[in-house]
Amino acid sequence: TQAYIDAIEPAGDLNAYVLATPEKALEMAKASDARIAKGEGGRLEGIPLGIKDMFATEGVRTTACSRIIRNFVPRYESTVTSKLWSEGAVLLGKLNQDEFAMGSSTETSAFGCAVNPWRRKGSEQPLVPGGSSGGSAAAVAAHICAGAAGTDTGGSIRQPAAFTGTVGIKPTYGRCSRWGIVAYASSLDQAGPIARSVNDAALLLRSMAGHDPKDSTSADLPVPDYQAAVGGSIKGKRIGIPKEYRVEGMSPEIAALWDKGADMLRDAGAEIVEISLPHTKYALPSYYIVALAEASSNLARYDGVRYGERVDGRDIIEMYEKTRAAGFGAEVRRRIMIGTYVLSAGYYDAYYLKAQKVRTLIKRDFETAFADGIDAVLAPTTPSAAFGIGEKSGADPVEMYLQDVFTVTLNMAGLPGISVPAGRSSEGLPLGLQLIGHPFGEAGLFALAQVIE
Ligand code: GLN
């Protein structure tokens with residue numbers, strides 16, 4: 001723990017932590033030492049972790065990287081983090097992210113962008129670490145935490161993992177409790193780990209997962225020993241390559257990476273099969289309707305009364321307006337407006353209801369493939385390697401949304417997905433491949449990912 005604390009300050013240029021908690025970390029580490037000395041202890045005894053600022057941490061400021069709750073100190077702990085602490089893990093601090101997890105680069109954070117510890121060959125241009133869990137991925141890649149807890153609504157664990165050469169898994173919807181996590185889009189949000197290896201991710205997920213009576217959508221299923229699956233045989237597994245993911249304009253290096261991943265799985269005994277997921281092209285537009293609709297509803301609670309900051313006005317309406325105008329960043333305001341629009345009378349059927357129907361079709365695509373004997377689907381995690389800060393955050397927000405083209409489908413379908421480092425771009429930057437599994441089939445994903453790692 002002391003070594004990690006000492007490493008955080010010199011890595012300040014990465015802006016990965018929005019709050020470091022060294023005193024608390026040392027206190028937790030001492031308690032852990034005492035348990036170990038007594039021969040007690042859990043699976044994560046003494047392991048120092050960073051936590052995305054979406055997770056409520058008792059007595060430790062939790063902001064979702066938004067101005068509107070910049071001074072919020074919860075009096076409760078999220079279920080996922082309390083599970084980590086009860087296994088003996090140590091809190092190093094809270095990690096940077098896009099505001100309310102809305103973004104793919106960490107550039108929408110009220111605390112400024114986090115920076116990717118990787119550099120392009122021969123370039124001084126700093127890179128984004130991806131998002132929204134960009135601080136988590138940057139911190140893991142830079143060795144300023146041993147692992148991190150992130151959240152993934154449409155790719156926020158997997159895309160930053162791919163951009164930083166780390167491993168990230170979004171478990172099946174319902175595998176981890178959402179209780180105590182700041183809500184973005186409740187039917188899509190899931191917690192999961194970002195780690196330096198498949199084995200570490202398996203270890204962390206085992207402690208994060210499990211049923212929680214406080215989240216009615218959490219699944220009452222036993223949590224397997226995921227580490228036992230790492231290194232297991234994948235012989236005879238049928239891996240689907242969805243032809244619709246060969247999107248127009250896919251870069252040759254991403255296509256080559258994908259082929260290489262398939263070869264590695266084939267060499268380890270898997271069978272590679274081309275499959276069709278016909279509704280793939282509707283995943284991105286329908287995601288950006290469903291997610292924004294839910295976000296507009298979830299963010300209604302930041303009204304200057306129940307939560308966070310307040311800017312006074314002449315009457316209550318003006319107070320709401322001033323509070324929300326001052327508290328939310330531009331991207332969050334845009335999403336609240338779009339979400340409100342697609343839910344409004346007259347547009348609800350055309351947008352929100354239509355998107356929900358498309359969501360069912362996307363889910364059915366996967367169900368059909370799985371019923372045909374497909375064990376997992378292999379696809380790229382991202383359309384490119386990490387891009388430069390400012391490169392995609394210009395006037396057209398769709399530039400950024402297009403980053404999520406490969407990751408949002410499985411959130412819409414509720415399925416688990418893991419991103420694993422699989423190679424380097426021509427500029428020497430990490431690239432990731434993604435494996436998508438059956439509902440609650442995370443163990444199988446760890447076995448497959450380990451072959452590619
Ligand atoms: N980039 C996606 C979005 O902005 C996903 C974010 C996330 O998974 N939290 O909605």
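Ser156 sits in the loop that runs between strand E4 (147-152) and helix H5 (158-164); helices (H or I, at least four residues) and strands (E, at least two) are DSSP runs, numbered from the N terminus. What we're looking at is a predicted model, where local features need pLDDT of at least 70 and side-chain atom pairs count only at pLDDT 80 or more, while totals for chains, interfaces and linings use all residues. Residues are numbered from 1 along each chain as its sequence is written.

Is Ser156 buried or exposed? Ser156 is buried, with 37 other C-beta atoms within 10 Å. (Buried means 20 or more other C-beta atoms within 10 Å of a residue's own, exposed means 12 or fewer, and partly exposed is in between, with C-beta atoms placed from the backbone.) Leaving aside neighbours within four places in sequence, Ser156 is in contact with Ala101, Gly131, Ser132, Ser133, Gly150 and Thr151; contact here means that the two C-beta atoms, placed from the backbone, lie within 7 Å.

Ser132 is found in the loop between strand E3 (90-95) and helix H4 (134-141), and is buried, with 34 other C-beta atoms within 10 Å. Not counting residues up to four places away in sequence, Ser132 touches Gln97, Asp98, Ala101, Met102, Gly103, Thr106 and Ser156.

Now for the record: an unreviewed UniProt entry lists Lys52, Ser132 and Ser156 under "active site". These three span 105 residues in sequence, yet no two of their C-alpha atoms are more than 10.9 Å apart, so they gather at one spot. Bear in mind that UniProt positions are given in the numbering used here, feature names are shortened, and annotations may be inferred rather than shown by experiment.

Of the 13 residues around the ligand, Ala101, Ser104, Thr153, Gly154 and Ser156 come nearest, where a residue counts as near if its C-beta atom, placed from the backbone, lies within 6 Å. By class, the shell has 4 nonpolar, 7 polar and 2 charged residues. (Ala, Val, Leu, Ile, Met, Phe, Trp, Tyr, Cys and Pro count as nonpolar, Asp, Glu, Lys and Arg as charged, and the others, Gly among them, as polar.)

Lys52 takes us into strand E2 (residues 48-52). All 5 of the 5 residues of E2 are buried, so this strand is largely enclosed by the rest of the structure. Pro48, Gly50 and Lys52 point one way, while Leu49 and Ile51 point the other way. E2 runs parallel to E3, joined by 5 bridges, and Pro48 stands opposite Val90 in E3.

With 8 of its 8 residues buried, H4 is largely enclosed by the rest of the structure. Its cover includes E1, E2, E3, E4, H5 and E6. Just after H4, His143 takes a positive phi of about 60°.

Now zoom out to the sheet. It is an open one of 11 strands, in the order E1-E3-E2-E4-E6-E5-E10-E11-E9-E7-E8, with mixed pairing; two strands pair if DSSP finds at least two bridges between them. Strand E1 (17-20) and strand E8 (271-275) stand at the edges with a single partner strand each, so one side of each is left without a neighbour in the sheet. On average, neighbouring strands are turned by 30° against each other, direction ignored.

Follow the pairing on from E4. E4 and strand E6 (residues 190-195) run antiparallel, joined by 6 bridges, and Thr151 has Ala191 as its bridge partner in E6. E5 pairs with E6 in the antiparallel sense over 2 bridges, and 3 bridges join E5 to E10, also antiparallel. Gly168 has Ile194 as its partner in E6 and stands opposite Ser419 in E10. Both faces of E5 are covered: Val167 and Ile169 on one side, Gly168 and Lys170 on the other, are all buried.

Finally, the helices on the sheet. Helix H8 (residues 252-267) lies across strand E7 (238-242), E8, strand E9 (376-380), strand E10 (417-424) and strand E11 (430-437), running at about 150° to E9. Helix H15 (residues 442-452) packs on the sheet as well, touching strand E5 (167-170), E9, E10 and E11, and its direction makes about 150° with that of E11. (Axes are lines fitted to C-alpha atoms, for helices over the stretch in contact, and angles run from 0 to 180 degrees between N-to-C directions.) H15 is mostly covered, with 11 of its 11 residues buried.
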